[in-house]
Amino acid sequence: MSDSGPQPYKGGYYLWSYVPSLAAAIVFAVLFIGITAAHCYGLWKSRLWFCIWFIIGGLMEIVGFCARASASSKTGQLMPYVIQNLFLLLPPVLFAATAYMVLGRVIRSVNGERYSLVKVRWLTKVFVAGDVLSFMIQGGAAGLMATGGNMQLGERLVVVGLLIQVVLFGCFCATAGVFHYRFQRYDVGVAAYGDGGSGGWRQSLYMLYAISGLIMVRSVFRVIEYSLGHDGYPLTHEWTLYVFDSVLMLAVMVIFHVWNPSPGQYRQPELLNLEGVASSK
């Protein structure tokens, strides 16, 4: 490896297998600043405080790309590498937690608890608890990787955390899909809820399917990335990070901002019943 390229780190590992692109990091930092600001404005208007996790995830993306931009001229320094690695790895866990909370509120808003595979009072708790476990494992693994000597153990733990996330998302998608099918087929009052407007329950589910699919693809990519190890193709070619992670997470934030349901559906879902929804139309 040339002297102008990435510099070696202790334990026989390299912090970088390439020089991170300064231009790409700046572009994505700016893009995430824009969409995070849009989420902040939306949260201020809607007061849907459970959506704050999207903002925190967006802020983490911004910090991650700023650290990545800094690392383009500091490939031998540990701190920029650790920050960008940690702050780009964890945001999807926060996006997923919001998706879990949205599904519970969608089900309650149409009085569809009896059609859910998981009781609604447990739905959010179970999935978010799994998400927290995934977050802790991935965060701890990133810390181990920062020590250099524990790089391999850290990579294995990242894979474990990501696999937990993939399994959780598979169960979440199945729960949403089964509810959608059962409610649409068996509830005689389903037509009264309608499909149009920002608060349509179908639109809410389609939005969840879209962001869930993107997060799932990203998580599978990360599993492959870390399974192949530090010398594998994904970790030695920068374009894979942007195509299979950064672009997808930016799309998740855009989709959630544009098609997030109306405040009236979520703020007090227990007050929304069939008669109330029908009479409001």
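Helix α4 is followed by N111, a residue with a positive phi near 55°. Helices are taken here as DSSP runs of H or I with at least four residues, and strands as runs of E with at least two, numbered from the N terminus. The model is predicted, and local features therefore require pLDDT of at least 70, side-chain atom pairs count only at pLDDT 80 or more, and totals for chains, interfaces and linings use all residues. Residues are numbered from 1 along each chain as its sequence is written, and side-chain values use heavy atoms, with hydrogens and water left out.

The secondary structure of the protein chain amounts to eleven helices and zero strands. Of its 281 residues, 50% count as buried, where buried denotes under 20% relative accessible area, exposed over 50%, and partly exposed the range in between (1.4 Å probe, protein chains only).

Helix α4 comprises 19 residues, 91–109, which at 1.5 Å a residue should span 27 Å; the end C-alpha atoms are 27 Å apart, in agreement with that value. The expected span of a helix is 1.5 Å times one less than its number of residues. Because 17 of the 19 residues of α4 are buried, this helix is largely enclosed by the rest of the structure. Helix α7 is followed by G229, for which phi is positive, near 90°.

The UniProt record, in an unreviewed entry, places the feature "transmembrane region" at residues 15–36, 48–70, 82–103, 123–145, 157–183, 204–221 and 241–259. UniProt positions are given in the numbering used here, feature names are shortened, and annotations may be inferred rather than shown by experiment. In the model, residues 15–36 are 68% helix and 0% strand, with end C-alpha atoms 29 Å apart. Residues 82–103 are 95% helix and 0% strand, and the end C-alpha atoms of this span are separated by 34 Å.

A search of the whole structure finds four salt bridges, a salt bridge being a side-chain nitrogen of Lys or Arg within 4 Å of a carboxyl oxygen of Asp or Glu. One of these joins R68 to E238, with the closest N and O atoms 3.3 Å apart. This pair links distant parts of the chain, since R68 belongs to helix α2 (residues 52–71) and E238 to the loop between α8 (233–236) and α9 (239–259), 170 residues apart. R68 counts as buried at 2% relative accessibility, and E238 is buried with a relative accessible area of 13%.

A salt bridge is also formed between the side chains of R218 and D245, at 3.1 Å from N to O. R218 lies in helix α7 (residues 201–227) and D245 in helix α9, so the pair ties together parts that are 27 residues apart in sequence. Both R218 and D245 are buried. The relative accessible area is 4% for R222, which is buried, and 3% for E225, which is buried. R218, R222, E225 and D245 are linked in a network of salt bridges.

One cavity of 30 Å³ or more is found in a search of the whole structure. On a 1 Å grid over the protein atoms alone, a cavity is a set of points where a 1.4 Å probe fits but cannot get out, and lining residues have an atom within 4 Å of a point. Grid points are joined across faces, edges and corners, and a volume is the space filled by probe spheres set on the points. The largest cavity holds about 210 Å³ of space. Of the 18 residues that line this cavity, Y18, R68, Q84, N85 and L235 are the closest to its centre. The elements contributing two or more residues to the lining are α3 (78–89), α7, α8 and α9, and α3 gives the most, with four residues.

Helix α9 also contains V254, which is partly exposed, with a relative accessible area of 36%. The C-alpha atoms of V254 and F32, 222 residues apart along the chain, are separated by 9.7 Å.

Conventions. 1 Å grid on protein atoms, 1.4 Å probe; cavity = no way out; pocket = protein on both sides within 12 Å on 5 of 7 lines; lining within 4 Å.
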